[in-house]
Amino acid sequence: MNTRYLKALAGGMLALAITVPPATSAVKKKKVTRVTKATTTVAPATTAIPATTATPATTAAATVTTAVKAVAAGGTGTKCNKVGGTFIDNWTLSTSDAQHIDPGITTELIGAQVINAVWDGLTRVDPDTGNLLPDVAESWSSNADSTVWTFKLKKGVKFSNGEDVLPSTFKKTWERNVSPALGSEYADLANVIKGWQAIQDGKGKELAIVADDANLTLTVNLSSPYGGLAQRVSHTLFFPLSKDGQIAGKDYEKGVMIGNGAFKMDGPRQPDLQTKLVRNDSYFGGINGHPACLDTLVFKVSKDPISAYADFEAGNSSNGVIPGGKFAEATKKYGDRATKAVLSEQYLGINWKDSVVGGFGAAKLRQAIGAAIDRAGINSIVYNGSRKISTGFTPPGIPGYKAGLTQNFQKEGADPALAKRLISEYAKPIPKLTYWYRTSSVEATIAQLIQANLKDVGIDIDIQAQNPTTYFTDVRNKNPQLFRSGWTWDYSGYDNGANQLFHTTDDASNNLTDFAVAQYDQLTEKGQAESDPAKQAADYQQAEAIMLDQAVVIPLVWGRFQTVLSPKVDQYPQNALGFVDFGGVSLK
Amino acid sequence: MASYLIRRLGLALLVVWGAVTIMFVMFFVIPGNTIDILSGEKVVRPEIRRTIEKEWGLDKSVTGQYVHYWNRVLHGDLGKSYSNNRSVNELFKQRAANSARLAFWGLTIEIVFGIGIGVIAAVRKYSLLDVVTGFVAVALAGIPVFVLGLLLQYGLGVRPAQWNWPRWARFPVQGMGPNRWFVVIPLGHQWKYLILPAIVLACVQTGFITRISRTSMLEVLNADYVRTARAKGLRSSTVIVKHALRNALLPTLTVIGLDVIGLFGVAVLTETVFNWPGLGSTIRDYAFAQDVPVVLGLASIVVLFGAMASLLVDVGYSILDPRVRLTTEKVD
């Protein structure tokens with residue numbers, strides 16, 4: 001999700017609190033998706049694809065059956081121990097209001113959080129297990145080479161205004177969302193679908209999708225093999241819009257939008273104040289199999305996490321954000337029920353094409369930098385010890401995750417002896433290196449810590465604060481030797497993270513390190529086209545191991561939610577992407 | 001008088017034009033490309049780039065954009081936000097009322113308490129009251145706004161809730177509440193949401209005004225005409241209110257006049273801490289995002305307001321002190 005600019009109160013406030021609000025994840029860059037160049041003929045036969053990628057050993061058909069049965073039996077999610085009540089959320093929008101709450105336009109986790117309460121897509125990530133669950137889709141399958149995907153929709157799914165949610169609803173919505181006229185930053189997420197390029201070029205208006213409303217099947221033709229479509233369509237870009245939304249422009253979100261989710265809008269949102277939702281009584285049940293437990297859901301807007309926390313402490317909200325430096329205190333007072341791991345990574349990037357730190361020849365130098373950095377110290381000082389030290393790039397929770405892909409980065413603290421040995425093996429003079437960070441107090445602290453760590457092993461770096469608004473463009477265009485960045489997964493797929501960030505032909509230019517290794521490219525392309533989850537994971541793991549061995553990034557910490565819950569909250573299901581399943585939230 | 005006002009009005013407009021022009025130029029000087037901001041820094045294909053440039057008038061030269069901007073503004077259109085497509089006119093309507101209400105009450109507290117305490121301290125010079133109010137005034141002027149805000153939030157909002165004080169004794173720590181007003185008068189429970197931010201907004205300047213009022217009042221109380229008034233046997237309250245206070249208010253009025261601008265347009269910290277959606281915090285938010293139309297549009301109005309406030313202060317001088325004549329005529 002896109003990084004909210006690290007908004008700071010003027011000077012002194014920042015000194016008072018180093019804060020990493022939920023949507024901020026330090027420095028975080030929006031991404032999109034690379035299209036695999038290979039093209040394959042569509043095979044007529046279809047093969048069922050597992051509804052979950054976390055159980056690769058399970059047979060596909062059996063997995064789909066399990067999921068469908070679970071929903072039919074009342075859902076895989078949370079039951080309501082109590083129905084009714086108002087949940088006031090002061091966590092989601094604790095640093096600013098969402099820029100957008102239109103599913104086709106939003107680029108932020110905070111906007112998507114609101115959207116996920118109002119809309120349901122074809123699939124959804126299980127809050128408990130991280131597995132993919134059927135949502136509006138009853139089941140799905142693809143042909144042998146994953147170029148044609150068919151989603152079978154559930155019967156009787158309706159929008160809150162009574163309109164049916166049909167296959168054609170999805171087709172029309174997707175075409176609206178990828179149209180250049182709308183200018184959605186996430187339109188590239190659909191670039192695997194045939195017809196997407198023609199729409200972008202102004203040569204067509206339709207995606208190669210067959211919507212059979214009578215049989216409730218949605219057949220999606222891809223321009224190249226892609227095994228992760230079911231995960232990708234869990235993204236907000238692919239959520240269905242009602243008829244008025246399908247033809248609406250950017251102003252749609254100014255009024256009352258119609259969704260098919262657990263809640264509906266009570267009126268137009270009040271920018272910078274709140275967005276109020278009420279239970280959608282015509283909801284089809286989603287992954288829980290029942291309407292929302294809550295009567296009302298209010299997303300309260302704050303502009304300062306410290307006062308948002310004060311508001312929570314005053315009993316005015318059901319959840320709240322833990323301001324920087326207060327993690328230990330807050331979890332001691334209110335428990336750690338809502339501080340689970342989030343699928344995000346904070347890292348130090350190193351430019352692969354730089355004449356000093358780049359290329360295969362500088363691997364020892366990069367590894368030395370990694371060994372010299374006291375990541376446990378950063379976690380302790382900057383994150384109040386709340387994060388988990390990364391031992392790889394892809395975090396636990398991503399289907400296919402495997403620990404120990406590399407020998408690098410296994411030690412949490414600094415290892416100056418190893419760093420010095422690697423530097424001596426590198427055997428070249430090391431000039432003063434340039435380190436860029438996006439201006440903020442958090443980033444300044446990290447930069448100073450890293451500078452001190454590297455100085456201890458004889459590496460001098462010049463730390464330079466950069467304009468937050470243009471930071472990633474500047475990193476992309478000016479190629480600093482070392483730079484800070486981060487990544488939060490948009491959907492629970494291995495391909496969304498590491499493998500899209502380091503591919504040579506990354507269309508979305510998320511490859512900030514300029515990493516370019518043919519073997520890595522081949523493995524990720526193979527993985528992307530693979531429909532067998534186990535084989536796909538193996539390909540991605542091999543690719544990631546290559547990248548980590550080369551130490552083109554120094555992983556720092558994996559993310560964790562900084563959330564406190566009121567004792568009045570009973571159930572609070574939240575998946576590792578950060579989305580709270582508000583349909584399953586209940587009060588005591 | 002009329003010619004003076006016309007001249008000052010012209011000057012005020014010149015100030016607005018100059019300020020807006022400087023801001024406009026600065027947005028072209030600071031790093032950052034509008035297309036990158038609009039596209040979220042994603043690499044944009046040339047055809048999309050051209051579409052965006054045309055839509056936002058960015059295909060014109062800087063001069064062309066400048067002319068286009070003024071053309072729009074003079075037709076009453078402040079433009080649309082780059083980042084979320086919101087109309088700046090609408091944004092202004094929403095935020096200005098919030099800012100004006102908060103500023104009104106902040107200013108009222110400043111005037112009532114600042115001048116009141118200052119006058120009492122001067123009249124009871126060197127008394128315990130004078131010492132205590134002097135200490136409090138300096139302390140108030142020195143406490144950073146956000147610290148005071150947080151202290152009040154915890155002292156009057158959080159702790160009372162944790163100690164289970166009755167509802168009426170607790171203050172909300174954030175937000176606008178029901179947003180029910182009669183012009184600037186809060187209705188129902190609205191006052192509970194207003195009081196803490198208004199106090200915080202007023203505190204720093206109340207300290208200054210207290211000290212300035214006291215000093216001015218002391219000077220005036222020692223003036224010959226006040227002694228004369230006392231010698232004539234006038235009541236002490238009449239001497240203070242009718243003779244001394246009116247003249248002592250001149251320097252205070254200058255401070256208050258300048259403060260109006262600060263309270264209305266740039267109360268960034270108070271608005272942020274209490275999540276009061278006013279102009280100041282809005283300008284700050286959009287400035288971080290380099291959202292030129294919003295920042296220029298709202299800041300222009302704040303500057304215009306400031307220029308008008310300054311003009312009113314000058315007019316106020318002539319009312320308070322008839323010796324001050326608003327005229328362009330030369331005095332021999």
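**Note on the predicted two-chain model**

1. Chain A has 17 helices and 21 strands (DSSP runs, H or I of at least four residues for helices and E of at least two for strands, numbered from the N terminus). This is a predicted model, in which local features need pLDDT of at least 70, side-chain atom pairs count only at pLDDT 80 or more, and totals for chains, interfaces and linings use all residues. Residues are numbered from 1 along each chain as its sequence is written, chains are lettered from A and ligands numbered from 1 in the order in which they are written, and side-chain values use heavy atoms, with hydrogens and water left out.

2. On confidence, the predictor gives an ipTM of 0.85 and a pTM of 0.82 for the complex. Chain B has a mean pLDDT of 86, with 92% of its residues at 70 or more (pLDDT is the predictor's confidence in each residue, from 0 to 100). Among the elements of chain B, the lowest mean pLDDT, 68, belongs to helix H2 (residues 34–38), and the highest, 96, to strand S2 (residues 185–186).

3. Of the 588 residues in chain A, 67% are buried (buried is under 20% relative accessible area, exposed over 50%, partly exposed in between, with a 1.4 Å probe and protein chains only).

4. His100(A) sits in the loop between strand S2 (86–90) and helix H3 (109–118) of chain A and is buried, at 10% relative accessible area. Its side chain makes a polar contact of 2.7 Å with the side chain of Glu253(A) (N or O atoms within 3.5 Å; within protein, one must be able to donate a hydrogen and the other to accept it, and residues adjacent in sequence count only if both atoms are side-chain atoms). A polar atom of the His100(A) side chain also lies 3.0 Å from the backbone oxygen of Ser83(B).

5. The whole structure holds 26 salt bridges over all chains (a side-chain nitrogen of Lys or Arg within 4 Å of a carboxyl oxygen of Asp or Glu). One of them joins Arg269(A) and Asp97(A) at 3.4 Å, N to O. These partners are 172 residues apart; Arg269(A) is buried at 9% and Asp97(A) at 7%.

6. Arg95(B) and Asp272(A) form a salt bridge at 2.1 Å, N to O. This pair crosses between chains, from helix H5 (residues 88–123) of chain B to the loop between S9 and S10 of chain A. Arg95(B) is buried at 2% relative accessibility, and Asp272(A) is buried at 7%.
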